[in-house]
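Below is a short report on one protein chain.

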Amino acid sequence: NAGCTHDFSGLLFLEFAESVASVYKWGGNFYIKVNGMKTNTPTNTAVRSFGNPQGYFVTEAIIEHIAGLVGHSPEEVRERNMLRGSNPLTPWKQTMDFYNADMLYERVKNDAKYALRSQEIEAFNSENRWRKRGISMVPLCYGHSYIYAAGSGAIVNVNGSDGSVTVFHGGCEIGQGIHTKVAQVVAMTLGCELQAIKVGESNTDVVPNMRFTGGSITSEVCCEAARRACLELNITLEPHRQFLRKKNQAAIEEQQKEGKKLSPEEMNPEPSWTAVVAAANSLLGHQEKLSATGICAPSTNQYTTDVEGNPAGKPYHGDYFTFGAACSEVEVDILTGEMQTLRSDILFDVGKSINPGIDIGQIEGAFAWGIGYYLYEEPLVDAKGVDRTQGVWEYKPPLASEMPRELTVELLRENPGPAPIGVLGSKAVGEPPFMLAYSVLGAVKKAIAAARKDAGASPIFALPMPCTVDAVQQACAVSASQLEC
């Protein structure tokens with residue numbers, strides 16, 4: 001359903017189609033055709049992970065349906081059909097560099113004590129007719145494309161009087177921590193204190209030709225643009241740094257000849273940031289250009305062309321992949337359909353994180369958003385195309401009560417190496433964890449299956465998306481006859 005306008009539907013269909021492949025082996029039998037339908041409903045705009053949550057739902061629903069038919073758990077079907085090896089191929093023959101979804105899955109399965117808790121849940125369900133629990137494990141593969149933010153720039157200005165640094169970049173701070181990450185990269189590259197960095201507001205008068213903020217990769221593109229500007233500044237400052245280093249070393253040696261005892265700090269000939277900047281911008285000595293611009297324009301996907309418009313990149317939509325895994329346990333009230341997530345465990349690979357605090361926050365936020373998307377937030381539209389969910393009385397965003405009572409988020413520490421393309425060995429993180437919330441929906445489905453078993457109903461059933469409380473209650477196959485005393 002593309003709604004009544006084109007909006008971003010074309011790329012959404014592509015993202016949807018590629019996300020269906022997920023981490024599974026299709027044996028050469030993968031073919032998907034997406035048709036966008038113009039309807040009389042409002043068009044949904046592009047938002048976090050757009051296209052991927054829908055594709056992920058389709059894939060995991062297929063896995064669960066097969067599991068029901070063959071009498072195995074969805075986890076058994078997932079594990080049997082999961083891609084293995086270091087660099088497997090997608091159905092369109094793109095290499096999944098640094099693939100580790102299988103390892104992340106097994107790690108979470110072990111750390112979350114999935115097998116033990118599954119036995120405990122089975123015992124709980126056998127003793128409780130009107131409350132059921134379920135536990136679910138899901139892997140994740142998410143493809144990132146630089147098409148959305150490639151070409152963003154940054155300008156770095158150094159104030160010679162005090163060494164303060166002002167950075168402007170081509171991204172918008174919308175809570176994802178882009179300003180903080182850019183400031184960190186600038187401080188690390190220049191060798192100054194983080195406190196010396198000020199990040200200016202987004203302004204096309206300062207940084208022209210900005211790309212939009214989206215696709216999870218704007219932070220790393222802007223970080224790389226700022227880093228390239230800093231590398232240019234370092235070339236300008238290096239002669240002054242070398243001179244001051246020699247000067248300081250000579251002073252240290254002179255003091256040692258005089259028999260003075262020096263502390264380890266005093267023995268370090270490396271000049272301070274402010275001294276280097278002052279030397280490069282002395283009033284009557286040197287007037288170096290302490291301003292530089294960087295542009296990051298990755299050229300590794302199918303959208304890259306030469307000046308004549310000929311393809312100059314690889315024949316793929318995406319540039320690289322991120323991987324993760326999650327395990328969730330839920331409890332469902334069979335009579336009302338009310339759901340409570342008891343515990344969720346998440347392990348995600350972001351490469352060498354620039355800021356672990358920000359990245360973990362992004363994972364938590366995406367996971368919370370995914371819970372709302374898969375289980376609560378249902379837009380209701382009447383036959384005339386009028387939105388009937390105008391407020392939270394009808395539309396149910398997830399609140400604190402819908403969050404897991406216990407949530408554990410961990411970044412992979414034993415990373416095999418830097419990301420093949422990501423900035424400073426990092427990987428994008430904003431959108432992918434959204435789909436890990438399917439572990440909550442998968443657990444809900446298992447709880448429903450347990451209720452249906454008690455009711456003598458078929459273990460195979462279908463649920464809409466979102467799987468709201470009314471849909472859960474109806475799927476539990478409760479009838480009046482079961483309530484007789």
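The report that follows describes a predicted model.

**Overall build**

The protein chain has eleven helices and eight strands. Its C-alpha trace spans about 100 × 60 × 45 Å along the principal axes. Of the 485 residues in the chain, 48% are buried. Take the contacts between residues at least 6 apart in sequence: 76% of them join residues at least 24 apart.

**Helix pairs**

| Helix pair | Axis distance | Crossing angle |
|---|---|---|
| H1 (residues 9-21) and H2 | 7 Å | about 35 degrees |
| H6 (residues 178-190) and H7 (residues 218-257) | within 8 Å | roughly 25 degrees |
| H9 and H10 | within 8 Å | roughly 40 degrees |

Start with H6 and H7. Their axes come within 8 Å and cross at roughly 25 degrees. Because of that angle, H6 counts as roughly parallel to H7. The crossing of H6 and H7 is right-handed. On the H6 side, the contact is made by Ile178, Lys181, Val182, Val185, Val186, Thr189 and Leu190. H7 brings Thr218, Ser219, Cys222, Cys223, Ala226, Arg227, Cys230, Leu231, Leu233, Asn234 and Arg241. By class, the contact of H6 with H7 has eleven nonpolar, four polar and three charged residues.

Next come H9 and H10. Their axes come within 8 Å, at an angle of roughly 40 degrees. H9 is therefore oblique to H10. H9 makes the contact through Phe367, Ile371, Tyr374 and Leu375. H10 makes it through Tyr438, Ser439, Val440, Leu441 and Val444. Sorted by class, the contact of H9 with H10 has eight nonpolar residues, one polar and no charged.

The remaining pair is H1 and H2. Their axes are 7 Å apart, and the helices pack at an angle of about 35 degrees. The crossing of H1 and H2 is right-handed. Glu15, Phe16, Ser19 and Val20 of H1 meet Asn52, Gln54, Gly55, Tyr56, Val58 and Thr59 of H2. The contact of H1 with H2 divides into four nonpolar residues, five polar and one charged.

**What covers H3**

Helix H3 covers residues 74-81. Pro74, Glu75, Val77, Arg78 and Glu79 are buried there.

Phe16 sits in helix H1. Phe16 counts as buried because its relative accessibility is 17%, under the 20% cut-off. Setting aside residues up to four places away in sequence, Phe16 touches Ile32, Val34, Gly51, Gln54, Gly55 and Val58. Among these, Gln54, Gly55 and Val58 also belong to the H2 side of the contact with H1. Phe16 and Gln340 are 324 residues apart in sequence, and their C-alpha atoms are 29 Å apart in space.

Gln362 lies in helix H9. Is Gln362 buried or exposed? Gln362 counts as buried, at 13% relative accessibility. Leaving out neighbours within four places in sequence, Gln362 is in contact with Arg48, Gly175, Gln176, Val429 and Gly430.

Pro404 is placed in the loop between helix H9 (356-375) and strand E8 (406-411). Pro404 is buried, with a relative accessible area of 12%. Beyond residues up to four places away in sequence, Pro404 touches Thr341, Arg343, Ser344, Phe367 and Ile371. Phe367 and Ile371 also take part in the contact of H9 with H10. Pro404 and Pro269 are 135 residues apart along the chain, with 53 Å between their C-alpha atoms.

**Cysteines**

How many disulfides does the model contain? The count comes to zero. Take Cys192 as a case. Its closest cysteine sulfur is in Cys230, 7.7 Å away. A disulfide needs the two sulfur atoms within 2.5 Å, so the sulfur of Cys192 is too far for a bond. Cys230 is also one of the H7 residues in the contact with H6.

Cys192 is buried, with a relative accessible area of 11%. Cys4, at 38% relative accessibility, counts as partly exposed.

Definitions and conventions. Residues numbered from 1 in each chain as written. Predicted model: local features only at pLDDT ≥ 70, side-chain atom pairs only at ≥ 80, totals over all residues. Heavy atoms only, no water. Buried < 20%, exposed > 50% of the residue type's maximum accessible area, 1.4 Å probe, protein only. Helix = DSSP H or I, 4+ residues; strand = E, 2+ residues; numbered from the N terminus. Axes fitted to C-alpha atoms, helices over the stretch in contact; angles between N-to-C directions. Parallel < 35°, antiparallel > 145°, perpendicular 65-115°, else oblique. Left-handed = near helix turned anticlockwise from the far one by under 90°. Contact = heavy atoms within 4.5 Å. Nonpolar A, V, L, I, M, F, W, Y, C, P; charged D, E, K, R; others polar.
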